Amino acid sequence: MKKFSLILIITAFASAFAPAADIIGIIALKGTPPPEVPYAPLMNDPTCGAMYKTAPTTHFYAVGPNHELADVVVSLKGVTGKSTGASQPPVTLDQKGCLYVPQILAIQTGQKLVVKNSDSCIHNVHCVPIVSGNPESNQVQMPGGSDLDYTFAQPEMFMKFKCDVHPWMFAWVSVFDSPYYGISDKDGKIVIRNVPPGKYTVEADHRKLGTLTRDVEVKDSDVTVNFTFEVK
Ligand SMILES: [Cu+2]
């Protein structure tokens, strides 16, 4: 028993000091994106419409004042079989104001996704994976109802969650078989943490603008990788 504990401590110590570095960067958007579309049908729904003075809009292109682009999913292409999802805290997808919040999110295989209903109306959470091994499911969630839990076994980009009561509601959940991914924030910043040394292709995916890739080599210090998407 003592020997076993010692091995555990040595292993933990060694992994804490194993070389690893972060991949960091900024995502930018060149060009003017098409205007966002108001959710007009939302305003016609008595419960949902009462929560807004003017219709909320899509936010496909979350662009900041200096062209920084949020909601881009970055990951290490082709890195699989490295999931730590089962030991990670759950990720929450809320239904609030008759919208999914956030609309772009990412989890690991085996990591729990918790769907909440913060609204005073019924939602119907319908997840529609396209990768075999990730089950479709369709569940009613009452106001104040229990959270719904999901886990997925297979990697999948932009898995669709929709609401069968409110046809404008969508969320896009990307599932990775490794911890090496991130989503650009409102400042366009990306971070992929603790990447072991090696040569990788970093992939940046935007729901409307497609995919960009860039090769990097990670050694023992942080590596900067910037991406610029372009509106064609
Ligand atoms: Cu709904």
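Analyst: A disulfide joins Cys48 to Cys98, with the sulfurs 2.1 Å apart. The model is predicted, so treat this as a reading of computed coordinates.

User: What is a disulfide, and how many does this model have?

Analyst: A disulfide is a covalent bond between the sulfur atoms of two cysteines. Here the count comes to one disulfide. The link of Cys48 and Cys98 is left-handed, with -75° about the S-S bond. The pair links distant parts of the chain, 50 residues apart. Cys48 lies in helix H3, and Cys98 lies in the loop between strand S3 (91–96) and S4.

User: Are Cys48 and Cys98 buried or exposed?

Analyst: Buried means under 20% relative accessible area. Cys48 has 0% relative accessibility, so Cys48 counts as buried. Cys98 also has 0%, so Cys98 counts as buried.

User: What about Cys121: which cysteine sulfur is nearest?

Analyst: A disulfide needs sulfurs within 2.5 Å. The nearest cysteine sulfur to Cys121 is that of Cys98, 3.8 Å away, and Cys121 is in no disulfide. Cys121 counts as buried because its relative accessibility is 10%.

User: And where is the nearest cysteine sulfur for Cys127?

Analyst: That sulfur belongs to Cys163 and is 13 Å away. Cys127 is in no disulfide. With a relative accessible area of 0%, Cys127 is buried.

User: Which residues coordinate the copper ion?

Analyst: Four residues do, at 2.0 to 2.7 Å. They are His123 through ND1, Cys163 through SG, His166 through ND1 and Met169 through SD. Along the chain, the donors follow the spacing H-x39-C-x2-H-x2-M.

User: What geometry does the copper site have?

Analyst: Start with the ideal. Four tetrahedral donors have ideal angles of 109.5 degrees at a metal. The angles among the four donor atoms here run from 94 to 135°. Four donors count as tetrahedral if all angles lie between 85 and 135 degrees. The site of the copper ion is therefore tetrahedral.

User: Are His166 and Met169 buried or exposed?

Analyst: His166 counts as buried, at 2% relative accessibility. Met169 is buried too, with a relative accessible area of 1%.

User: Now the sheets. What is the strand order in the five-strand sheet?

Analyst: The order is S5-S11-S10-S7-S8. This sheet is open, and its pairing is mixed. S5 and strand S8 (137–141) stand at the edges. Each has a single partner strand, so one side of each is left without a neighbour in the sheet. The twist averages 25° from one strand to the next.

User: How many bridges join S7 and S8?

Analyst: Strand S7 (residues 123–128) and S8 pair over five bridges, in the antiparallel sense.

User: What is the order in the four-strand sheet?

Analyst: S12-S2-S14-S15, again an open sheet, with antiparallel pairing. Strand S12 (181–183) and strand S15 (210–218) stand at the edges. Each has one partner strand, so one side of each lacks a neighbour in the sheet. Neighbouring strands of this sheet are turned by 20° against each other on average, direction ignored. S2 and strand S14 (residues 198–206) pair over four bridges in the antiparallel sense. In S14, Asp205 is the bridge partner of Val73.

User: Last topic, the backbone. Which peptide bond is cis?

Analyst: Most residues other than glycine have a negative phi, and most peptide bonds are trans. The bond from Val101 to Pro102 is cis, with omega near -5°. Pro102 is found in the loop between strand S4 (99–101) and strand S5 (104–108).

User: What is the phi of His67, and where is His67 placed?

Analyst: Phi of His67 is near 70°, a positive value in a residue other than glycine. His67 sits in the loop between helix H3 (46–49) and strand S2 (73–76). At 48% relative accessibility, His67 counts as partly exposed.

User: And Phe158: what is its phi, and is Phe158 buried or exposed?

Analyst: Phe158 has a positive phi of about 50°, although it is not a glycine. Its place is in strand S10 (residues 156–163). Phe158 counts as buried, because its relative accessibility is 16%.

How values were computed
Residues are numbered from 1 along each chain as its sequence is written. This is a predicted model: local features need pLDDT of at least 70, side-chain atom pairs count only at pLDDT 80 or more; totals for chains, interfaces and linings use all residues. Side-chain values use heavy atoms; hydrogens and water are left out. Helices (H or I, at least four residues) and strands (E, at least two) are DSSP runs, numbered from the N terminus. Buried means under 20% relative accessible area, exposed over 50%, partly exposed in between (1.4 Å probe, protein chains only). Two strands pair if DSSP finds at least two bridges between them. Axes are lines fitted to C-alpha atoms, for helices over the stretch in contact, and angles run from 0 to 180 degrees between N-to-C directions. Donors are N, O and S atoms within 2.8 Å of the metal (3.2 Å for Na, K and Ca); water is not among the atoms, so sites may look incomplete. Four donors count as tetrahedral if all angles lie between 85 and 135 degrees; four count as square planar and six as octahedral if opposite donors are over 155 degrees apart and all others between 65 and 115; anything else is irregular.
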